[in-house]
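The structure comes first, then the points by topic.

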Amino acid sequence: MFVFIIRRFLYAIPIALAVAAVCFSLVHLAPGDPLTAIIPADAPAEVVIAIQQAYGMDRPLIVQFGSWIQRALQGDLGVSVATGRPVMGDIALALSNTLLLAFAAALLGFFGGILLGGLAAIYNGTWIDKLATALAITGVSIPHYWLGLLLVIIFSVQLDWLPSMGAGPGGSSDWRLDWAHLRHLVLPAVTMCFIPMGIVTRTVRATVSEILNSEFVTALYARGLRGRRIALHVAKNAAPTVLSVMGLQFGYLLGGSILVETVFSWPGTGYLLNTAIFQRDIPLLQGIILVLAMFFVGLNLLVDVLQTLMDPRIKRG
Amino acid sequence: MTSMTSPGAKENFALAAETAAVSRGYWTTVWTRLVRDPVSVGCALVLLLMVLIAVFAPWLAPYDPSQGTMLKRLSPIGTEGHWLGTDELGRDMLSRLMHGGQMSLLMGLMPVFIAFLVGTSLGLIAGFFGGWINSLIMRTTDVFFAFPAVLLAIAISGALGAGFVNAIISLTLVFIPPIARVAESVTTSVRNLDFVEAARASGAGNFTIIRVHVLGNVLGPVFIYATSLVSVCMILAAGLSFLGLGVRPPVPEWGLMLNTLRQSIYIQPWISVLPGLMIFITSLCFNLLSDGLRSAMDIKR
């Protein structure tokens with residue numbers, strides 16, 4: 001098992017490098033010179049060369065990549081083309097807001113999903129099962145940015161109960177745990193919880209009903225175990241699968257929040273990414289994608305390791 | 001973004017591949033089971049209707065979708081002559097929703113279709129030949145799996161710039177790796193079955209074996225998997241347009257309409273809901289139909 005864990009760690013290194021390479025090559029996917037945003041069209045040739053040298057764009061690609069990685073490892077992701085500020089500070093602030101939103105949405109979605117999926121599996125075939133399944137399929141089919149808009153229309157425009165924009169009163173971006181800030185979190189978190197809730201419901205329902213039909217559960221019933229003690233056995237067996245799905249879903253929440261953040265003007269990475277795209281601020285774009293992708297790589301690693309630790313049946317290698 | 005990597009999926013597809021080889025009347029059985037399922041039939045009819053309306057929109061729509069009257073901006077739903085209201089430039093909503101189906105459906109189906117062709121080919125090659133070819137192809141897909149799908153689509157689109165073609169390219173790139181992964185696992189399980197061995201023993205070459213013996217068994221499960229991606233692709237494609245990375249105005253497209261009408265939610269909230277409702281209905285129907293197809297092909301039950 002430890003061999004597997006070590007191998008899994010080692011395998012994450014080339015993946016992380018390849019991910020960094022993809023992020024780096026995004027610059028060269030872009031049409032035209034990455035510096036067109038800051039070089040005036042009528043700039044003389046020597047000015048263009050000077051700017052290129054300042055950003056290190058005159059060196060061979062592989063050298064640029066090497067030094068980019070080296071600086072990224074030290075926490076330096078370059079300077080924003082639009083603001084001239086180091087990219088890292090903006091990303092760190094935005095990331096904390098995105099993580100907050102993702103945690104809130106994950107909490108709602110996972111709790112709802114486990115509850116719905118568990119009920120659906122226990123009451124297999126009844127109206128409860130059908131309702132849970134219908135909710136799950138709605139959750140994965142609904143365009144979440146539209147759901148967000150719908151919630152804004154109902155709860156902000158019509159009822160005027162909850163704010164529709166920003167992370168706090170007066171557009172403040174530093175978060176505190178009080179009602180004024182929590183109010184801002186409600187709508188985006190509820191919007192984002194639907195996809196993980198749908199997926200977790202489906203997974204829990206499938207896994208738990210399979211376990212409930214397995215022979216060892218029948219044996220447990222035969223031995224006279226009831227209710228809560230059976231549930232404990234079922235939960236232990238379902239946990240590895242459900243956990244790995246939840247881990248992936250949390251990653252998708254981090255990466256997929258861009259649309260919802262745009263709807264609610266939530267000052268997170270998605271919103272920042274949107275800004276970067278429209279200002280053609282390539283270093284910022286690169287930095288955000290790199291940070292989010294690395295989070296995702298790390299999360300996948302963590303889920304795999306946890307799964308191996310929890311489920312002794314998994315012998316990989 | 002959602003159901004692309006559920007654990008156990010591989011095993012299910014491998015099982016489907018084995019049952020596919022059982023009997024000759026397999027597809028007839030699947031078809032009979034599918035048309036007996038009222039939900040699947042209903043969804044198929046709704047989708048057919050949507051496609052027909054989109055295709056014949058130029059003849060069906062009561063107004064020109066790009067011609068508006070400034071005097072009638074944001075008329076509410078139920079206005080005489082514009083019974084679904086008008087948008088922020090006074091264009092008829094019904095006509096725009098009908099025309100919008102063209103782009104939205106195209107952007108939902110085309111990337112998955114191209115990815116189906118490319119991904120299946122890659123998966124077949126990787127699974128059939130194994131060895132370093134397999135490692136090369138599958139380790140490359142691993143890299144793309146390290147990005148959440150939404151992020152990858154937006155990153156590529158953001159770097160390439162807005163536009164219809166760029167959106168199609170980025171969405172296709174997002175869907176190739178998962179399809180290739182499924183195709184590879186099914187191919188690997190089929191390759192080791194006895195009839196492939198028998199074909200090889202009777203002197204069949206690689207190409208013949210793939211064409212005659214492997215392809216038929218791989219296409220079914222991969223096709224089902226691809227249909228489950230259409231709804232994701234619809235939502236993502238409209239999402240790109242919603243961010244301003246898809247088609248450009250004034251082309252009618254549901255995601256873009258949602259984006260421009262978003263500014264008017266304080267004036268005519270319910271009109272801005274309509275394009276999203278269309279995306280939702282379409283994606284829901286594709287999901288339900290795909291689920292119906294999956295259980296129809298699962299003959300064991």
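**Chain interface and helix packing**

Chain A and chain B bury about 4,400 Å² between them, 77% of it on carbon and sulfur atoms. Buried area is the accessible area (1.4 Å probe) that two parts lose on being put together, summed over both. This is a predicted model: local features need pLDDT of at least 70, side-chain atom pairs count only at pLDDT 80 or more, and totals for chains, interfaces and linings use all residues. Residues are numbered from 1 along each chain as its sequence is written, chains are lettered from A and ligands numbered from 1 in the order in which they are written, and side-chain values use heavy atoms, with hydrogens and water left out.

**Interface**

- Contact (heavy atoms within 4.5 Å) joins 55 residues of chain A to 46 residues of chain B.
- Asp291(B) pairs with Arg202(A) in a salt bridge, with the closest N and O atoms 2.9 Å apart.

**Helix 6 of chain A on helix 12 of chain B**

- Helix 6 (residues 144–158) of chain A packs on helix 12 of chain B at about 155 degrees, with the axes 9 Å apart.
- Helices are DSSP runs (H or I, at least four residues), numbered from the N terminus.
- Axes are lines fitted to C-alpha atoms over the stretch in contact, and angles run from 0 to 180 degrees between N-to-C directions.
- The two helices are therefore roughly antiparallel (angles over 145 degrees).
- Residues in this contact include Tyr145(A) and Trp146(A) from helix 6 of chain A, and Pro269(B) and Trp270(B) from helix 12 of chain B.
- The contact has 12 nonpolar, 3 polar and no charged residues.
- Ala, Val, Leu, Ile, Met, Phe, Trp, Tyr, Cys and Pro count as nonpolar, Asp, Glu, Lys and Arg as charged, and the others, Gly among them, as polar.

**Helix 2 on helix 12 within chain B**

- Helix 2 (residues 26–35) and helix 12 (residues 269–297) of chain B have axes that come within 8 Å and cross at roughly 130 degrees.
- Helix 2 of chain B is thus oblique to helix 12 of chain B.
- The contact residues include Arg33(B) of helix 2 and Met297(B) of helix 12.

**Salt bridges**

- Over all chains, the structure holds 5 salt bridges.
- One of them links Arg205(A) and Asp129(A), with the closest N and O atoms 2.7 Å apart.
- Arg205(A) lies in helix 7 (residues 179–212) of chain A and Asp129(A) in helix 5 (residues 127–141) of chain A, 76 residues apart.

Note on methods. Parallel < 35°, antiparallel > 145°, perpendicular 65-115°, else oblique. Salt bridge = Lys/Arg side-chain N within 4 Å of Asp/Glu carboxyl O.
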